[in-house]
Amino acid sequence: MALSQCAFCGKLFNDAMGKECMECKGILDDAFVKVRAYLYASKEPVTAPEIVEKLGVSEKVLDYLIKQNRIILNGSAPGSSRKCRVCGAPTTGAQLCEACSAKFNSSVRENNPPEKKQQPGRSSAGSQPMATWGKR
């Protein structure tokens, strides 16, 4: 029996049932059922503020469901309430916007040049073959 911290409220609980404690799991599951039914019934794109206002689901619960990819909103984008962790611009559900993601990827490529391919029969430690033990 291992203890874990609830990913939603932070309380300690027995993690045999998942990432959330039983109380939060019930709240999240009820909200998920409500929001899913509303999304399926709606013929037009729905935004996060509209869901919060019309269904009475808290922003915290809705944001958690979006971050867990249990709900993807039409229209504005999945995770419409998410913002870039670097510049604060709206994202399409990712942690970085497209501009910051491109900057990050180019920085990684510049600082990590491609490795040279190892020649067959050569060790990675140097140009000498590995020593072998045995009869001489």
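How far apart are the axes of α1 and α3, and at what angle do they cross? In this predicted model, the two axes come within 10 Å and cross at roughly 80°; the views below set that crossing in its surroundings. Residues are numbered from 1 along each chain as its sequence is written, and side-chain values use heavy atoms, with hydrogens and water left out. Because the model is predicted, local features need pLDDT of at least 70 and side-chain atom pairs count only at pLDDT 80 or more, whereas totals for chains, interfaces and linings use all residues.

**View 1. Overall arrangement of the protein.** The secondary structure comes to four helices and two strands, where helices (H or I, at least four residues) and strands (E, at least two) are DSSP runs numbered from the N terminus. Read along the sequence, these elements follow the pattern β-β-α-α-α-α. Of the 136 residues, 24% count as buried, a term that means under 20% relative accessible area, with exposed meaning over 50% and partly exposed in between (1.4 Å probe, protein chains only). Among contacts (heavy atoms within 4.5 Å) between residues at least 6 apart in sequence, 25% join residues at least 24 apart.

View 2. Axes here are lines fitted to C-alpha atoms, for helices over the stretch in contact, and angles run from 0 to 180 degrees between N-to-C directions. α1 and α3 are therefore roughly perpendicular to each other, on a scale in which angles under 35 degrees count as roughly parallel, over 145 as roughly antiparallel, 65 to 115 as roughly perpendicular and the rest as oblique. On the α1 side the contact involves I27, L28, A31, F32 and V35, which meet V61, L62, Y64 and L65 in α3. By class, this contact has nine nonpolar, no polar and no charged residues; Ala, Val, Leu, Ile, Met, Phe, Trp, Tyr, Cys and Pro count as nonpolar, Asp, Glu, Lys and Arg as charged, and the others, Gly among them, as polar.

**View 3. The packing of α1 against α2.** The two helices pack at an angle of about 115°, with their axes 11 Å apart, which makes α1 roughly perpendicular to α2. The contact is made by K34, V35, Y38 and L39 of α1 together with E50, I51, K54 and L55 of α2. By class, the contact of α1 with α2 has five nonpolar, no polar and three charged residues.

**View 4. The largest nonpolar core.** A nonpolar core is a set of buried Ala, Val, Leu, Ile, Met, Phe, Trp, Tyr and Cys residues joined through side-chain atoms within 4.5 Å. Of the 22 residues in the largest one, I51, L62 and I71 touch the most other members. At least two residues of this core come from each of α1 (22-41), α2 (48-55) and α3 (59-67), and α1 gives the most, with seven residues. Not counting residues up to four places away in sequence, L62 touches V35, A48, I51, V52, V57 and I71.

View 5. Just after α3, N69 takes a positive phi of about 60°, although N69 is not a glycine. N69 is placed in the loop between α3 and α4 (98-111) and is exposed, with a relative accessible area of 60%. I72 lies in the loop between α3 and α4 and, at 52% relative accessibility, counts as exposed. I72 and L39 are 33 residues apart in sequence and, C-alpha to C-alpha, 9.4 Å apart in space.
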